[in-house]
Structure formats: structure tokens, C-alpha cells
Amino acid sequence: MSIRNDRVLQIVPHPPGTFDGVGDYALNLAHAFSTGHGITTTFLVAGRATVTSKDGYAVISGLNTRDSVELARDHRDVILHYVNYGYQARGVPFRLRRFVKQLRPHLRGRWVTTFHELYASGAPWQSAFWLRPFQVSIARDMIDASSSCVVSNAPIEKAIHAHDQKKKIYFVPVMSNFGEPELTDFRNAPAKRWVICGGTALIARSLQLFEKLYSEIPKEFAPLHLDVVGGREDLSISAVLDRLKRARPELRVHHYAEVEVDLASEVLRQSSFGFIDYFGAERVWPGMLLKSTAFAAFCAHGVVPILSHREDPIAVRGDALPGPYCLTAGGTNFPQPANVPEVRRQVYEWYQRHAAARQAAHVYAEALT
């Protein structure tokens, strides 16, 4: 264990601990930094923050270029969590770019940028199509400012190296924002207990497709219990749950909206299967699931992910996750019923090796060295 006794500035678009995926990721990283590496975090929130601390970590707000010298004096290193639409509604965070250019020359240590997103694409009638050149330009400036980059998936890694072939990149799958329990018993969850989790939009999309494909689920795994974890109370979710209740009287359903981490973790660990429609009608990018906190939450709890699409094996440094298993209109792929507990154990152990917060902190600590 390395003990550094340093202070790192983590720049985030929204306050940590406010049901924001990127902010929660940064908070989990801060906890793992403190526990395993003696690194203390200050959060710099791009927007307005109504708190001055979170879980004992200082929170300051505003990308004020006049503060750059003081920030660089008080923090040796910076981790920028880059998600372009998080910093600006159209995905063109010019203000963030100005701030980075002002702060970077004063920094004594490393600048690590985590690219949760890079830039968007869209049809000609969408703003992303016309703004893409600006998004690309800003993202490349962020790459240039960075000592190294952290990514969770191969498509973003490829795009960064297309701009700068020599840029150092660390590959770390996204960690769970719904906890990381210590598990040893993988036979306790019924094979007919399912879960869907994530943010409001992902839950609604996954639920709608789950409803359509329900009859395709093998009878050995036909759900008797479905938990929905996360998101807000929303008609797009409640309407589907009401229809499922009416059409499937044997099915028990419950929505845990805006749920606290401890309860979410308790619910997740009781399930065997988790369904996710990550891409919806959009193009399927192989390996992009590793940037999904919902997918990570399944793996962290030994829940077998059931995808809405077919995909080649998902691997990190040659270590493949079991499956992938899927539920699609064109067919299904599930583990053998007798093998479900063992598959759950393998999923859980794969997550511990590659995506757990302590593993992510180790990689970030190396990047800051």
C-alpha cells in the first residue's frame, strides 16, 4: 500500500452524492484514495454547489480562472472528469476549456483526464451534428492538457490515440455507484428474481423492452420478482410496471426510486439476473457497456447481466466476463440453470479484479505518480 499524503483536485460537473453518475464515481474514488493511498480529495464543481463538504471532503464551486494560482498551490494533482454534456447543455464546454488552459500551467504535478464521454454524433437535424467540430476541438484540447487519460472502453481509447498516438491511457471499467458488497454465497438468490437499475431514462428504456420480450425468457428463469432500482418516480416507468402487474399476476414488482446506496445494494444482491437495454435503437458499440454504472452494479453484486443485444465476449486485458448473455427478439442466450450460481461468482470475481473502487484507485494513483 502506498501512502502519499497528497491532495488531489477532482473537477466534476455536478456535486457528488446527488444521484449524478459522474459525481458519485468521483466520490467513490475519493473514498478509495483515502483508504488505500492516503490521498485527500477536494471537489471542484463546475456549476453551483449548495454544500461545502461531502463525506468529509471539501467542495468548492465555480470555474473561476482567477482562482487558478491558489488551486494549483493547494493541490499537486488534478483529475478532470470529462463529460461534455455535463459541463454544457449542447456539449461544447468553452468555459471549461478556458479554465483548464488557465490552471494547467500552474500545476506542479499530474493532470489526469477521465473521459466518461468524448464527443457526440448525430443526424443533420440534430444539434450534435452541427456542433461536433467544436466538441471534437474541445475534447482534443483536454487530451493535450493531460499527462495521461483514463477510459473505460475501447472506442474512446481508439479515438484518443487517433489524435495522439503516444498519449498514455489507463483502461479502467466504470465502478458501481450502488455499492460493492463482500459476497461469498452465490446460491442464495432465486433464479427467477430479476432486477433493472440505472437512471430514469435507462430504466424506462430497459423496462419497455423487457415487457415486450418477457415471453421469450426461458421458463426456468421466468421472473416471479422484478425490482427496479434507481431513477425518479416517472410515468415512463410506472406505466410499464402497472401493465406488467396486470398482465403477469404472478410477478411481484417494486420500484426503489432515488434510492440510497445501502438499500440499493441490499436489493441487488438478492437477484440472479439483471436486464439492460443500454443502446436502445442506437448503434451498438462493442465493449461500450464497460462505461455503464448500471452494468457495473450488476457485476459488483454477482448479478448476471442480460443484454438486449448480442455481443462478442467483453474482456479486460484478455480476461473475459462470462457470456455475454442476452435476451433479444431474435433469440436468447442464458447459462444452464445448474450453472447460475457459478456464473454469478465468476461475474463478481471479474468485477473485483478489474472494476472495483480499490482497483480503480490503484490505477489512478499510478497515473498520478
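Guide: Welcome! A helix here is a DSSP run of H or I with at least four residues, and helices are numbered from the N terminus. The model you are looking at is predicted. Just after helix 10, Gly302 has a positive phi of about 65°.

Visitor: What makes residues 293–300 count as a helix?

Guide: The cut-off is at least four residues in a DSSP run of H or I, and helix 10 has eight residues.

Visitor: How do helix 10 and helix 11 cross?

Guide: Their axes come within 7 Å and cross at roughly 115°. On the helix 10 side, the contact is made by Ala296, Cys299 and Ala300, and helix 11 brings Val347, Tyr348 and Tyr351. The residues of this contact divide into six nonpolar, no polar and no charged. Ala, Cys, Val and Tyr are all on the nonpolar list, which is why the count comes out that way.

Visitor: Why is Asn177 called buried?

Guide: Asn177 has a relative accessible area of 12%. The cut-off is under 20%, so Asn177 is buried. You will find this residue in the loop between strand 8 and strand 9.

Visitor: What makes the pairing of Asn177 and Asn28 a polar contact?

Guide: Their side chains are joined at 3.1 Å, and the limit is 3.5 Å. A polar atom of the Asn177 side chain also lies 3.1 Å from the backbone oxygen of Gly21. Beyond its sequence neighbours within four places, Asn177 is in contact with Gly21, Asp24, Tyr25, Asn28, Val261 and Thr293.

Visitor: Which residues have the most contacts inside the largest nonpolar core?

Guide: They are Ile11, Trp194, Leu207 and Leu226, in a core of 115 residues. A second, separate core has nine residues, among them Ala30, Phe43, Ala49 and Tyr57.

Conventions
Residues are numbered from 1 along each chain as its sequence is written. This is a predicted model: local features need pLDDT of at least 70, side-chain atom pairs count only at pLDDT 80 or more; totals for chains, interfaces and linings use all residues. Side-chain values use heavy atoms; hydrogens and water are left out. Axes are lines fitted to C-alpha atoms, for helices over the stretch in contact, and angles run from 0 to 180 degrees between N-to-C directions. Helices (H or I, at least four residues) and strands (E, at least two) are DSSP runs, numbered from the N terminus. Contact means heavy atoms within 4.5 Å. A nonpolar core is a set of buried Ala, Val, Leu, Ile, Met, Phe, Trp, Tyr and Cys residues joined through side-chain atoms within 4.5 Å. Buried means under 20% relative accessible area, exposed over 50%, partly exposed in between (1.4 Å probe, protein chains only). A polar contact is a pair of N or O atoms within 3.5 Å; within protein, one must be able to donate a hydrogen and the other to accept it, and residues adjacent in sequence count only if both atoms are side-chain atoms.
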